[in-house]
Amino acid sequence: MTLNSISDSIREDVPTGTLIAFVSVTDRDSNQHGNIDCRVSPNLPFDLKSSFVNSYRLVTSALLDRESASQYIITVTCKDRGSPPLFTNRTIIVNVSDVNDNAPQFTQRSYKVYVTENNAPGSYIRSVTALDPDTDRNSRLSYTILDYQVQSVPVSSYVYIIPNNGSIYSKRSFDYEQFKTFQFQVRAEDAGLPSLFSEVAVQVVVLDQNDNPPTILSPGTKRNTSFHVSRSADPGYLVTKIIASDADSGKNAQLSYNLKQASVPGLFTVSHSTGEVRSVRQLIDSDATTQKLIIQVKDNGYPVLSATTTLSLTVIEGHVTYQPDFIEPRQDFKGTQQVGQPNTDWHASEPHIVGKISSQCLEENLTQDDIKREFNRRHTAITSGADVDYIKASPDLEDGIPGWTPRFAPQNLETLEADEYQSNIYVGGSPVILSGHQDKAIKQDRQHSASSTKKKKKRSKRSEKRESRSTMEEPQNE
């Protein structure tokens, strides 16, 4: 057998039927002993095609793929038809040469990387990796970042990549408050002819760092921070509310409020969570007319950052009708009250109790004359002589509007005097705390009522004595 190979290497992209080698065979026997049959190794993409007697062509029978098999060892076996049959074989090695038929493939569909803000320029971010199953120059890859805009600035101003290994580095320091995330495309391209490439998305998530102190919005450092407080204000009187914000996020933006310094310790307090500035006790004559509070607002980050503001409080004798630089939100007032259920049965033995309200609201909105007029308008009444703690809620109370109800039972309106009435303010579910002058008026009403009762009893006794004397004198006269 003679085997003449055309080439020891063949391109993987050759079409089916491509000639690999010529095979010729001779047998010196005659008749059927000289008839020869040839075949190749099974399960290979090659075949023998007969050209003429005892001459064959070795050709490809299927498409080749170097990435699946880069080399084939082909055995050609020829045997005669004698008895017993005799055979011979030859082996040929065929190498498959690479063609750039595979684009690079990244090891991940996308990449996500977390970078803490204020990173140093030139710091390593991460690497991207692509693989190419081709060989030699067809597998040599280079990485580039595609043009992209991040807030109207080319992404190349923020990051760069090492072309031969895919390592990504920052070009500048990132600022969480400027952008929280940005994305760009990385291309991996081989050196084949023609070149092939693929792209992948890289998302950079900027993590917040506690680099911003709280900002006090109200009252601001450049705005009026003077407030008035009435000397007669009850404990819990709302002076103002500190409003602050923090440009950071998460726990770095969780703010707390503290009273760092006060002219008189224990006179005012600041809510740790809401920043509300309230009085702790009622002001007395010995308290100075000017009070200064230094309030600190700090975040929950590490390290802790803070800001301070100074409030100047002026104590006045009258009523406070306007507070500069602060308006208490109405929803805040409602949100701190729990409105009880109205009493729908006037004969109920346990009507729902009226909510607690500060004397400040009573003093500013209602006088005793207003209360009496409101009573006459509503056409309801209550009896006199009961203790203040038993004031009950009426069935038609409105938010912040005085209502009226009998203390114990329905009464005849025409038989009651104006001084025998008491007012109710409906705000939420616990007993009313009346102001000092209202409480005094109520006590005076009770004393007046008791005095009237005593006088009536004395008159009654005198009348009885007169009648008794008259009865005793009549028999004597007879």
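These legends accompany several close-up views of one predicted model. Local features are described where pLDDT is at least 70, side-chain atom pairs count only at pLDDT 80 or more, and totals for chains, interfaces and linings use all residues. Residues are numbered from 1 along each chain as its sequence is written, and side-chain values use heavy atoms, with hydrogens and water left out.

**View 1. The disulfide between Cys-38 and Cys-78.**
A search of the whole structure finds 1 disulfide (a pair of cysteine sulfur atoms within 2.5 Å). Here it is: Cys-38 is joined to Cys-78, with an S to S distance of 2.0 Å. The pair links distant parts of the chain, 40 residues apart, with Cys-38 in strand E4 (residues 36–40) and Cys-78 in strand E7 (residues 71–80). Strands (E, at least two residues) are DSSP runs, numbered from the N terminus. The torsion about the S-S bond is about 110°, so the disulfide is right-handed.

**View 2. The largest nonpolar core.**
A nonpolar core is a set of buried Ala, Val, Leu, Ile, Met, Phe, Trp, Tyr and Cys residues joined through side-chain atoms within 4.5 Å. The largest one has 27 residues, and those with the most contacts inside it are Val-159, Phe-174, Phe-182, Phe-184 and Val-186. At least two residues of this core come from each of strands E10 (110–116), E13, E16 (159–161), E18 (181–190) and E19 (197–207). A second, separate core of 23 residues includes Val-23, Ile-36, Cys-38 and Leu-48. In soluble globular proteins, nonpolar side chains tend to be buried together.

**View 3. The surroundings of Phe-182.**
Take a closer look at Phe-182: leaving out residues up to four places away in sequence, its contacts (heavy atoms within 4.5 Å) are Val-150, Val-155, Tyr-158, Val-159, Phe-174, Val-202, Gln-203 and Val-204.

**View 4. Asn-138 in a loop.**
Asn-138 lies between strand E12 (130–131) and strand E13 (141–145). With a relative accessible area of 11%, Asn-138 is buried. Beyond residues up to four places away in sequence, Asn-138 touches Asp-98, Val-99, Asn-100, Asp-132, Asp-190, Gly-192 and Leu-193.

**View 5. Ala-262 in strand E24.**
Our last stop is Ala-262, found in strand E24 (residues 256–262). Setting aside neighbours within four places in sequence, Ala-262 is in contact with Lys-292 and Leu-293. Ala-262 and Leu-311 are 49 residues apart in sequence and 9.6 Å apart in space, C-alpha to C-alpha.

Key: Helices (H or I, at least four residues) and strands (E, at least two) are DSSP runs, numbered from the N terminus. Buried means under 20% relative accessible area, exposed over 50%, partly exposed in between (1.4 Å probe, protein chains only).
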